[in-house]
Amino acid sequence: MFAAASESIVDTSHIYYSILPLLAALIPLLTGIAIYFLKDSWEVLRKAVALAAALFALLAVISLFPLVMSGKVYFDLIDFMQMGLFFKVDLVAWVFAFLITFIWSLATIFSFAYMDHEHNRRRYYSFLIFTLGATLGVVLAGDFFTLFLFFELMTLSSFVLVIHEQNVEAMKAGMLYLYLGIAGGLSLLFAIMMLYGGTGTVDIAPALELLDRNRTAIYILFLIGFGIKAGLVPLHIWLPQAHPVAPSPASALLSGIMIKAGAYGILRVSLILFSTTGELSALDASYLFTVGSALMWIGIVTMLLGAVMALLQSNMKRILAYSSVSQIGYIATGLGVATFMGIEGGMGFAGAVYHIINHAFFKAGLFMMVGTVYVY
């Protein structure tokens, strides 16, 4: 499998045990809570604390780069909720973490001017920074249990950003977002339970040969859970509802960053969990061809319908929301190609990761541009 080969490129004998992954996620979480208790009149302090937390996360991720290029970074809290919290940072996780923290820092700065015209600024900055920690925890997680905990935190905290305006349209969109997020979380939980029952572990590691009869059910449940957040058709219906009603900096993060958490989950399941450390049997190769083809065609349908729906809109933020659906289709197609072609699907993997980076920058920029037009 290409996943196994790509892991071996950055997997050396060097294993680094560092608390930085935990701090990168934990400090924004705690800071977000602290911001909520600052007085409304302390506007300058609130902005300074929010930016400091975002920049701390960015610097922590940058500090991990030399270690990641030499091997892998681990950290664990084995006594947490009996299952423990486990962090692992490889090159793929680092790329996602850098994207998250860099663009989040830019969106935080943009929020200073945008939110001066808005209400409930204390609540907004509190949940903006809290969501940063939750989203970062998703990509730094070393097992599916840790990923699930941060994934649920991300869903619940970003819900508050969606309903910020608190009008009828915002509440309707927020409730749809919340309901689908809960459904996706339950789907992930069932998949993780089945994975643990079949393999005795929840590690993000090759386990195709251990999954046996439940492998299809596990894959479908993971795909539903992560596909809702990513916006794959037909699980995309929350995006065009949530993006237009959220503040523009939040829309930039929802579309440019948070849907990538879903893409990240699909990547880890398709290319890591559904791979093998040994020789791939003919039966397993045939199975992966089927799974990869299904993911590829879901991506093709998603990119086509997303583009068509974008052309039919007149609201600018709704156009960008449907455009994000289409772009996620490109990413899913690349991951599907990498899944069913194995090592020969390297171009699909590279294309998917490149477009994740590409889309994060241009879509976040477009939403902030629309926000600037709105302010003026």
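These are my notebook entries on a predicted model, written for someone opening the structure for the first time.

**Entry 1: ground rules**

I am working with a predicted model, in which local features need pLDDT of at least 70 and side-chain atom pairs count only at pLDDT 80 or more, while totals for chains, interfaces and linings use all residues. Residues are numbered from 1 along each chain as its sequence is written, and side-chain values use heavy atoms, with hydrogens and water left out.

**Entry 2: the salt bridges**

I began with charged pairs. Side chains of opposite charge can pair when their charged atoms come close. How many salt bridges does the structure hold? I found four, taking a salt bridge as a side-chain nitrogen of Lys or Arg within 4 Å of a carboxyl oxygen of Asp or Glu.

I looked up Glu43 next. Glu43 pairs with Arg46, and their closest N and O atoms are 2.2 Å apart. The two residues are about one helical turn from each other, because they sit three residues apart in helix 3 (residues 43-70). Helices here are DSSP runs (H or I, at least four residues), numbered from the N terminus. Both Glu43 and Arg46 are buried, where buried means under 20% relative accessible area, exposed over 50%, and partly exposed in between (1.4 Å probe, protein chains only).

Glu43 also has a salt bridge to Arg121, at 3.3 Å from N to O. This pair links distant parts of the chain, with Glu43 in helix 3 and Arg121 in helix 5 (residues 121-140), 78 residues apart.

Then I checked Asp116, which forms a salt bridge with Lys47, the closest N and O atoms being 3.1 Å apart. Here too the pair links distant parts of the chain: Asp116 is in the loop between helix 4 (91-114) and helix 5, and Lys47 is in helix 3, 69 residues apart. Asp116 has 42% relative accessibility, so I list it as partly exposed. Lys47 has 16%, so it goes down as buried.

In soluble globular proteins, nonpolar side chains tend to be buried together. I looked for a nonpolar core, meaning a set of buried Ala, Val, Leu, Ile, Met, Phe, Trp, Tyr and Cys residues joined through side-chain atoms within 4.5 Å. The largest one has 121 residues, and Leu136, Phe144, Phe222 and Phe274 have the most contacts inside it. Helix 11 (residues 248-273) gives the most to this core, with 16 residues.

I also looked up Leu128, which is in helix 5. Its relative accessibility is 0%, so Leu128 counts as buried. Which residues does Leu128 touch? Leaving out residues up to four places away in sequence, I found Trp104, Thr108, Ser111, Leu161 and Leu253, with contact meaning heavy atoms within 4.5 Å. Its C-alpha atom is 11 Å from that of Ser105, 23 residues away along the chain.

**Entry 3: Ser326**

Ser326 is part of helix 13 (residues 316-341). I list Ser326 as buried because its relative accessibility is 5%. Its side chain reaches the backbone oxygen of Met303 at 2.8 Å. Not counting residues up to four places away in sequence, Ser326 touches Thr302, Met303, Gly306 and Ala307.

**Entry 4: backbone features in the loops**

Where is there a cis peptide bond? I found one joining Val233 and Pro234, with omega about 5 degrees. Pro234 is in the loop between helix 9 (215-230) and helix 10 (239-245).

Asn120 is not a glycine, yet its phi is positive at about 50 degrees. I placed Asn120 in the loop between helix 4 and helix 5, and it is partly exposed because its relative accessibility is 34%.

Gln166 also has a positive phi, near 60 degrees. Gln166 is in the loop between helix 6 (144-162) and helix 7 (168-199). At 45% relative accessibility, Gln166 is partly exposed.

Methods: Polar contact = N/O pair within 3.5 Å; in protein donor to acceptor, adjacent residues only side chain to side chain.
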